[in-house]
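Thank you all for coming.

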Amino acid sequence: MIPSFWRKIRYRYNLTGTKCENCGRIYHPPRNICPECRRKSSITEVDLGDRGELLTYSIVHDAPESFKLQRPYVIGLIKLESGVVVTSQISCKPSELRIGMKVKAVFRKYGEDGEDGIIYYGTKFVPCEE
Amino acid sequence: MVGIVSYGTYIPRYRIKVEEIAKIWGEDPESIKGGLGIYEKSVPDIDEDTVTISVECAREAMKRVSLNGSEIQAVFVGSESHPYAVKPTATIVGEALSIDSFFHSADLEFACKAGTAGIQNCIAMVESGMIRNGLAIGSDTSQGAPGDPLEYSAAAGGAAFVIGSENVIVEIKDTLSFTTDTPDFWRREGQPYPSHGGRFTGEPAYFRHVSTASIEIMKRNDLEPEDFSYAVFHMPNGKFPVRVARNLGFSSKQIEQGLVVRYIGNTYSASSLIGFCAILDVAKPGDRILLTSFGSGAGSDAFIIEVTENIESYDRNQSVWKKIERKEYIDYGMYAKLRRKIRMG
């Protein structure tokens, strides 16, 4: 778990995606190659911004063991201002949710490997207050 | 002149009232509120800790002046609740802020004054020319044992400061520290909750250190309390800072703006710093501020700060008092779950 998580912390800590300079498509999670342009791909990293709109969501009541303390928790699809759609946990109460609401990225704990293991951090979203 | 280029704060949105805690332990909430001068305190969410709070307040500080991660060359995180005993919080914070990996970093620990210790380190590094900008953060998710009086005050929050010498919103004119071996409050390795010396924490610890550092820094700068627009002292409760201010000769008007403890509790390493940020939110060019922190063990860092013209064009929309007003109350059951006070089977 540690190596696979660690390799992606750059993209989990911040909303960084990849852009194919050949066709202009933006991807998150990032890709090493553009599936459309294939060998003509020209990949660069892009900042996707930290604001977006909630497209849809699910409320998870039957949580896995490591999420039990958070249930019910929310997973949503967020369309960022850059146009890219990302899947993320929304850190709020289900009663606060409304499709189309503005959300912003925050830095939160994802989980931990028990009391003596590594702690995982990354991006989640919360409703915009302003 | 070295000063503060930008600042940011973070206060978790959950609050628990003194009444709710007192109800569980069979105590009289009015006498607790009267004795401590605290009405409610902030509580971190289940996915918030010192790392996440540090990142959030630092991001706000950097965003306010559109500062890029590559322009920071040092990160200090002061806390007594670092999530790891071994693995610096500052490494995670630096990565999350996209700071170029060639940066100096360290976690600091000195009870409630580790944040101001980070500011002093940054001042020294900027003044010596080692770095252009440094980031000093005071952040905590402090704990009190169930039923301990600390449970009414131990809270969570963070404040971050970009220290540099260009476009500073305030100049740091002087700083000094006063440190002694005073066993007023401690936590042994591996212990989940701190211990404290009860009434011993007052005169020989808080009052002696805060007063001595404040008096000495004013004396060596030929300043009197009336020369300051504002003063802010560490806030372990709502009584101590008011009393020390009065003893030193400051008026309630000078300390009221920074007295955030009544509504968010003692945020430990962030305590005096969040109060200081509340003052910066309203400060005007030319204002002079006295900031004195206190860390058990014990020591105080005092600062004399003067506000520059740059504060007028600085983004101060997200004020501390606005953040204090954004809140959601929880009951003791939820508090016990969020603070991991429930032993899971």
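This is a predicted model: local features need pLDDT of at least 70, side-chain atom pairs count only at pLDDT 80 or more; totals for chains, interfaces and linings use all residues.

**Charged pairs between and within chains**

Let me start with A:Lys93, which counts as partly exposed at 37% relative accessibility, where buried means under 20% relative accessible area, exposed over 50%, and partly exposed in between, with a 1.4 Å probe and protein chains only. Residues are numbered from 1 along each chain as its sequence is written, chains are lettered from A and ligands numbered from 1 in the order in which they are written, and side-chain values use heavy atoms, with hydrogens and water left out.

Which side chain meets A:Lys93 in a salt bridge? The partner is B:Glu328, at 2.5 Å from N to O, a salt bridge being a side-chain nitrogen of Lys or Arg within 4 Å of a carboxyl oxygen of Asp or Glu. B:Glu328 lies in strand β14 (residues 328–329) of chain B and A:Lys93 in the loop between β6 (85–90) and β7 (102–112) of chain A, so the pair joins two chains; helices (H or I, at least four residues) and strands (E, at least two) are DSSP runs, numbered from the N terminus. B:Glu328 itself is buried, with a relative accessible area of 16%.

The next pair is B:Glu48 and A:Arg108, whose side chains meet in a salt bridge of 3.3 Å, N to O. Since B:Glu48 lies in the loop between β3 (40–43) and α3 (50–64) of chain B, and A:Arg108 in strand β7 of chain A, this pair joins two chains. Are these two residues buried or exposed? Both B:Glu48 and A:Arg108 are buried, and they belong to a network of salt bridges that also links A:Lys124, B:Asp45 and B:Asp47.

Turning to chain B, the side chains of B:Glu203 and B:Arg243 meet in a salt bridge at 2.6 Å, N to O. B:Glu203 lies in helix α6 and B:Arg243 in helix α7 (residues 240–248), both of chain B, so the pair ties together parts that are 40 residues apart in sequence. B:Glu203 is partly exposed, with a relative accessible area of 48%, and B:Arg243 is likewise partly exposed, at 32%.

To close with the count, there are 26 salt bridges over all chains by this rule.
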